[in-house]
Amino acid sequence: MRIGKDKVVEFHYTVSEPGVGELENSRTGAPLAYLHGHNNMLAGIEQALEGKQASDHFSVVLPPEQAYGARVEDSIQRVSINHVVKPGKAKIKFAPGMIIQLNSSTGHVAATVLKVGLKMLDVDTNHPYAGKTLEFVLDVVSVRDATADEIAHKHAHGAGGHQH
């Protein structure tokens, strides 16, 4: 079965920055699943997967505009530590380079800690891969028809139904 609109696709990936090295990969866990054709994936990855099938192995290089976009320089902010989403009641020891979640008026926003103060953090709200050309090595694990519920909800569900 070929990948196209309304297909649920499972795949493994490795993402690298050319000349720098591997940034992350999914191969130690479960494959990533998404509903194709519903803007649930980076546009460049979705385009590269179109027409592929299970067991296909390939790579694609995406410029920033097809991946995580250009860096926005005015995305550096000073925020109160009180705006950090904390898991449970555990105290967090903040450090530069740490990825955190901030509460905002539009929901949770990911940010990278740049500088730590007593009550404030300097953070960068750009995606960590913004402004980077990225190479993705993709291995298609499976392709199946989406269920009516998945199409109605506009995302893939895990085995046995909803898993989100």
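Colleague: Let's start with Arg144: what is its relative accessible area?

Modeller: Arg144 has a relative accessible area of 32%, so it counts as partly exposed. The classes are buried under 20%, exposed over 50% and partly exposed in between, with a 1.4 Å probe and protein chains only. Bear in mind that this is a predicted model, where local features need pLDDT of at least 70, side-chain atom pairs count only at pLDDT 80 or more, and totals for chains, interfaces and linings use all residues. Residues are numbered from 1 along each chain as its sequence is written, and side-chain values use heavy atoms, with hydrogens and water left out.

Colleague: Which side chain does Arg144 meet in a salt bridge?

Modeller: That of Glu150, at 2.8 Å from N to O. A salt bridge here is a side-chain nitrogen of Lys or Arg within 4 Å of a carboxyl oxygen of Asp or Glu. Glu150 is buried, at 1% relative accessibility.

Colleague: Which residue does Asp145 pair with?

Modeller: Asp145 forms a salt bridge with Lys7, and their closest N and O atoms are 2.3 Å apart. This pair links distant parts of the chain, with Asp145 in strand β9 (residues 134–145) and Lys7 in strand β1 (residues 7–17), 138 residues apart. Strands are DSSP runs of E with at least two residues, numbered from the N terminus.

Colleague: Is Lys7 buried or exposed?

Modeller: Lys7 is buried, with a relative accessible area of 19%, while Asp145 is partly exposed at 44%.

Colleague: What about Arg78, which partner does it meet?

Modeller: The side chains of Arg78 and Asp122 meet in a salt bridge, 2.7 Å from N to O. Since Arg78 lies in strand β5 and Asp122 in strand β8, the pair ties together parts that are 44 residues apart in sequence. Arg78 is exposed, with a relative accessible area of 54%, but Asp122 counts as buried at 15%.

Colleague: Switching to strands, why is β8 largely enclosed by the rest of the structure?

Modeller: Because four of the five residues of β8 (residues 120–124) are buried.

Colleague: How does β5 pair with β8?

Modeller: β5 (residues 76–80) and β8 are antiparallel, over five bridges. Two strands pair if DSSP finds at least two bridges between them. Asp124 in β8 is the bridge partner of Ile76, and Thr112 also stands opposite Asp124.

Colleague: How many bridges join β7 to β8?

Modeller: Four, with β7 (residues 107–116) running antiparallel to β8. A hairpin through three residues joins β7 to β8.

Colleague: What order do the strands have in the open sheet?

Modeller: The four strands go β5-β8-β7-β6, with antiparallel pairing. β5 and β6 (99–104) stand at the edges with a single partner strand each, so one side of each is left without a neighbour in the sheet.
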